[in-house]
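Trainee: I would like to learn how to read a model of a complex, feature by feature, with the general idea stated before each case.

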Amino acid sequence: MTRELSGPEVAALAEAAVPGSVAKTTETACYLKPEHLVQTLEALKTSPEADLVHLTNLCGVDFWDHMEVVYHIQSFVQNHIALFKVETWDREKPEVPSVTPVFHGAWMQENETYDLYGIKFPGHPNLYRILLWEGYPGWPLRKDFLSMPGGLQPGLGEFAGVAPRQEPPVKVIE
Amino acid sequence: MSIPVLALATDHWYDLRDLANISDAILDGADKVLPFGIVYVLAALIGFVASFLIFVLPSQLYLGVYGERKIIGRIQSRYGPNRVGPFGLLQPIADAVKLLTKEALTPKESDRAVMYVAPIIFVMPAVLIFAVIPFGPRMVFANVPVSLLYFMAISSLPVIATFMAGWSANNKYSLFGAMRIVAMAISYEVPLVMALLGAVVVTSGAPYAGDFLNGLALQDMVLWSREFHIWVVFVQPLALVIYFICVSAELNRTPTDIAEAESEIVAGYLTEYSGMKWGLFYGMDIGYALGASAFAATVFLGGWTFFGLEKWVPPWMIFIGKTHLFYFLFIWTRGTLPRLRSDQLMAFAWKFLLPLALFNIFLVATERMIWSSQDYAKGLIYVFAVVNIAVSIAAVYGWARFLGYRPENTPVRPRLVKNAGGYIPVGSEANR
Amino acid sequence: MTQTIKSEPFILNIGPQHPSTHGVFRIKATVDGEKVIEAEMVMGYLHRSMEKLAEERTYTQNIPFTDRTDYLSSMSNNLGYCLAVEKLASIEVPARGNAIRVIMSELQRLASHCMAIGAFANDTGAWQTPVMWAFREREKILDIFEVTSGARLTCNYMRIGGVAFDLRPQFEPMVRKVLNDFPPFLQEMEDLLSGNEIFLSRTRGVGVLSPEMATNASLSGPMLRGSGVAWDLRKADPYCGYEQYDFDIPIGYQGDSFDRFIVRLEEMRQSLHIIQQALDGLPSGPHSTQVPLALRPPKGEAYARIESPRGELGYYLVSDEGPAPYRFHIRPPSFINLSALREMTVGGTVADAIVVLGSIDIVVGEIDR
């Protein structure tokens with residue numbers, strides 16, 4: 001079985017590699033500081049103990065007030081997988097440093113995240129909208145991008161006959 | 001120089017074993033009524049119409065279109081055409097009707113005149129090459145003494161048409177196809193001629209009916225196989241193999257169809273053609289393949305002879321049968337083999353086929369010298385046949401090994417490991 | 001005095017309407033003669049914004065979407081998504097359900113690899129014959145899917161907590177027939193292609209990927225294994241009880257297109273082996289656990305991945321205790337396998353680029369989602 005490293009374990013590895021790189025830790029994930037992200041992942045990739053060589057998954061998540069970029073990185077030899085996250089709180093100009101110099105596989109996935117979330121990745125060699133076209137209005141996977149016609153709140157409101165979900169923390173500007 | 005061909009059959013006009021009888025009867029009758037000279041025009045017309053009716057058209061439609069699709073269908077374990085008419089036999093006609101009624105689009109930016117002329121130029125040589133093919137003892141339309149050279153000259157003309165087609169369409173894929181076909185045709189012309197030279201060396205100058213055979217005339221090559229009771233292919237197996245490969249390259253047949261490589265450059269020089277303009281290219285591609293098969297049947301497979309059977313069975317039927325048999329090879333390779341890359345194809349021509357063709361000429365010239373010093377002994381040619389078959393196989397294998405063909409070093413099964421882990425270098429998988 | 005002939009590079013569009021791009025995928029190749037000097041991927045022609053749509057449907061309603069991502073291996077996609085939801089909501093699957101899932105996803109692997117090797121051989125120019133032979137065998141598997149789930153291509157068979165229906169009585173004889181028919185077919189393919197000098201010269205040394213590059217570019221599946229990296233999630237991170245079955249991981253030698261091809265062929269053999277074992281030891285019992293239709297997984301996130309025919313297929317789900325996933329992310333293997341396309345094609349010829357693209361085995365529905 002691939003061992004899923006818990007948040008504190010990953011944080012310990014990251015701290016050992018680059019001191020002061022961890023912003024916070026949850027049960028499953030380790031939040032890295034954006035300014036130390038590339039350096040930390042580079043160090044963890046080369047360190048034989050962590051050996052996090054394979055960036056499996058990279059995606060963004062929108063939490064209304066902030067956005068996160070999620071990195072699943074695994075090791076073949078140690079057979080474990082670590083979950084890193086980076087937060088970005090600027091909704092107008094979200095930026096997370098690109099890990100493309102470390103993992104070539106981030107190239108496509110960062111493009112996709114930029115395309116659908118509008119998160120800029122400084123350091124990416126060729127950041128463009130990979131699935132949609134240049135000039136597409138808005139960033140579709142953000143929660144304030146409405147796709148259901150007539151709907152105010154993205155996501156399924158509620159099952160019939162059940163009280164509605166609470167209002168999102170950020171109001172949608174009509 | 002023309003050698004009197006021994007009449008195989010009676011010269012009654014109703015003797016269908018040699019259709020020249022009926023043509024002679026018509027011409028004799030016409031000569032009595034028509035003014036002098038017209039009969040020559042009539043002879044040309046009869047030859048054209050007859051060869052078209054008994055050979056080109058049925059073969060093109062029923063071997064080239066229907067047969068090819070049906071046979072490839074069977075190779076690919078499907079039925080092939082079976083909807084139009086019984087067993088799908090009317091499929092070629094339906095195809096033709098569809099092509100005729102389809103709009104022939106011309107791209108806006110293309111060179112319209114050249115694009116229009118290219119299919120026409122492509123068609124003309126296809127008609128001309130059948131002029132020198134001997135269908136029977138007297139059934140050869142133009143028995144020119146250098147018919148082999150004539151054939152070679154005419155059959156390299158369509159390259160110009162294909163280049164015109166590719167260039168004029170103003171399409172990048174078309175341009176790719178055009179460039180590829182020119183490069184390939186030039187490369188493959190060389191081993192092709194070299195291979196045929198071997199056949200010419202064997203046949204020319206051999207005694208026949210008190211005269212000597214002219215190896216450059218196709219009819220004389222047929223007579224050679226009749227005289228010595230052996231086909232040229234047995235004396236020249238290597239030449240036939242080289243001829244087959246070269247001609248399939250020139251005809252753009254898979255595995256060497258790089259000029260219209262469907263998976264790479266869409267349809268090559270035909271990308272922008274549609275309707276009957278495309279249909280002309282398609283039909284005449286089959287025509288050229290038939291011409292090449294007819295040529296191979298004549299030169300290598302003994303033409304209209306079949307070890308005495310030609311006295312009973314109409315020789316033209318034997319000839320058509322051999323042609324279709326050779327054409328089947330084209331279909332077979334098309335249904336089986338992948339395509340070579342263009343640079344590999346060039347390398348194959350220059351590095352593999354050309355040296356082998358030269359070696360073949362060297363071999364056959366030596367034998368020819370021995371043969372003539374032995375006063376053209378009939379038994380000796382069978383010894384040569386056995387020797388040549390053995391030497392050819394050895395030469396092909398040896399030359400391939402010399403060029404680095406090592407099938408035993410090529411693993412065709414992957415390595416197997418039990419457990420997942422990181423990279424496993426080659427050779428260390430046994431302990432995993 | 002030498003004079004060099006200069007050629008001018010120009011842009012050749014391979015796709016979106018091209019016989020070899022397996023859908024609407026486009027490579028904008030800058031070519032110098034036949035040589036590719038730059039390759040840029042253009043995609044998104046088939047983008048249907050599935051990740052957004054999935055945020056508006058319940059967990060169960062999302063299963064049919066996963067069929068439409070990788071439409072050549074819908075069973076695997078269903079499975080990956082259901083595993084993610086089960087992980088999120090901590091749902092146990094009964095043994096029979098797991099065995100059926102294994103059989104189905106291995107049958108799907110056979111069907112998908114049939115398509116892959118057939119299309120790959122077609123790209124090298126073997127005119128339709130291998131693809132037709134492969135389709136002949138694939139048809140039998142699709143018939144099994146039709147009998148079991150009612151659909152041939154978009155099966156929608158897996159459910160959260162198990163599978164939708166139990167197996168039909170005619171299922172087992174049909175699978176036994178496939179198990180009988182496949183080894184001769186694989187031998188046939190090997191005779192036709194692996195032993196063919198033209199095929200070898202077209203694919204050997206074309207699109208070579210070093211193991212470092214393959215790892216760094218996040219490749220997975222046969223692409224990674226072709227480069228010699230022994231990594232198979234069925235072994236490394238077993239799901240659905242794969243640890244009970246005995247099978248091997250095929251790995252390649254030098255990471256060229258031919259290695260990927262033989263790895264796929266061998267994977268089909270191993271799949272047959274797995275199906276044999278799973279079918280022989282098919283447990284009885286319920287095929288599915290009862291899961292409420294209005295499933296509300298607890299707050300949290302889950303990343304579940306499976307070894308789909310194309311590589312590591314991951315589903316990343318974030319739940320906010322709502323009836324629909326808060327975030328639904330697919331980690332599409334053929335999308336990420338394309339990250340190495342430029343490295344593999346640049347420097348080769350146009351014909352090589354087609355072969356490399358064929359060896360990646362892309363499905364555009366999955367790339368664009």
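Mentor: Let us begin with the nonpolar core, which is a set of buried Ala, Val, Leu, Ile, Met, Phe, Trp, Tyr and Cys residues joined through C-beta atoms within 7 Å; a residue is buried if 20 or more other C-beta atoms lie within 10 Å of its own, exposed if 12 or fewer, and partly exposed in between, with C-beta atoms placed from the backbone. In this predicted model, the largest such core has 279 residues, and those with the most contacts inside it are Cys30(A), Ile242(B), Tyr243(B), Cys246(B) and Ala353(C). Its largest share, 16 residues, comes from helix H7 (residues 172-203) of chain B.

Trainee: What conventions apply to the numbering and to the confidence limits?

Mentor: Residues are numbered from 1 along each chain as its sequence is written, while chains are lettered from A and ligands numbered from 1 in the order in which they are written. Because the model is predicted, local features need pLDDT of at least 70 and side-chain atom pairs count only at pLDDT 80 or more, whereas totals for chains, interfaces and linings use all residues.

Trainee: What pLDDT do chain C and chain A average?

Mentor: pLDDT is the predictor's confidence in each residue, from 0 to 100. Chain C averages 87, with 99% of the residues scoring at least 70; chain A averages 79, with 83% of the residues at that level. Over residues 148-163 of chain A the pLDDT is below 50. For the complex, the predictor gives an ipTM of 0.84 and a pTM of 0.86.

Trainee: In what order do the three strands of the open sheet in chain C stand?

Mentor: Helices (H or I, at least four residues) and strands (E, at least two) are DSSP runs, numbered from the N terminus, and two strands pair if DSSP finds at least two bridges between them. Here the order is E1-E2-E3, with antiparallel pairing. Strands E1 (10-14) and E3 (35-42) of chain C stand at the edges with a single partner strand each, so one side of each is left without a neighbour in the sheet. Strand E2 (residues 26-32) of chain C pairs with E3(C) over seven bridges, and Ala29(C) stands opposite Ala39(C).

Trainee: Which residues does Ala353(C) contact, beyond its neighbours within four places in sequence?

Mentor: Two residues are in contact if their C-beta atoms, placed from the backbone, lie within 7 Å. By that criterion the partners of Ala353(C) include Ile14(C), Ile27(C), Ala29(C), Val36(C) and Ala39(C).

Trainee: Why is strand E8 (residues 311-319) of chain C described as largely enclosed?

Mentor: Nine of the nine residues of E8(C) are buried, so the rest of the structure largely encloses this strand. Strand E7 (residues 300-308) of chain C pairs with E8(C) in the antiparallel sense over nine bridges, and a hairpin joins E7(C) to E8(C) through two residues. E8(C) also pairs in the antiparallel sense with strand E9 (residues 327-331) of chain C, over five bridges, where Tyr315(C) has Ile330(C) as its bridge partner.

Trainee: How many residues do chain C and chain B bring to their contact?

Mentor: Chain C contributes 49 residues and chain B contributes 40 residues. Across the two chains, strand E3 (residues 415-417) of chain B and strand E6 (residues 249-251) of chain C pair in the antiparallel sense over three bridges, and Leu416(B) has Pro250(C) as its bridge partner.
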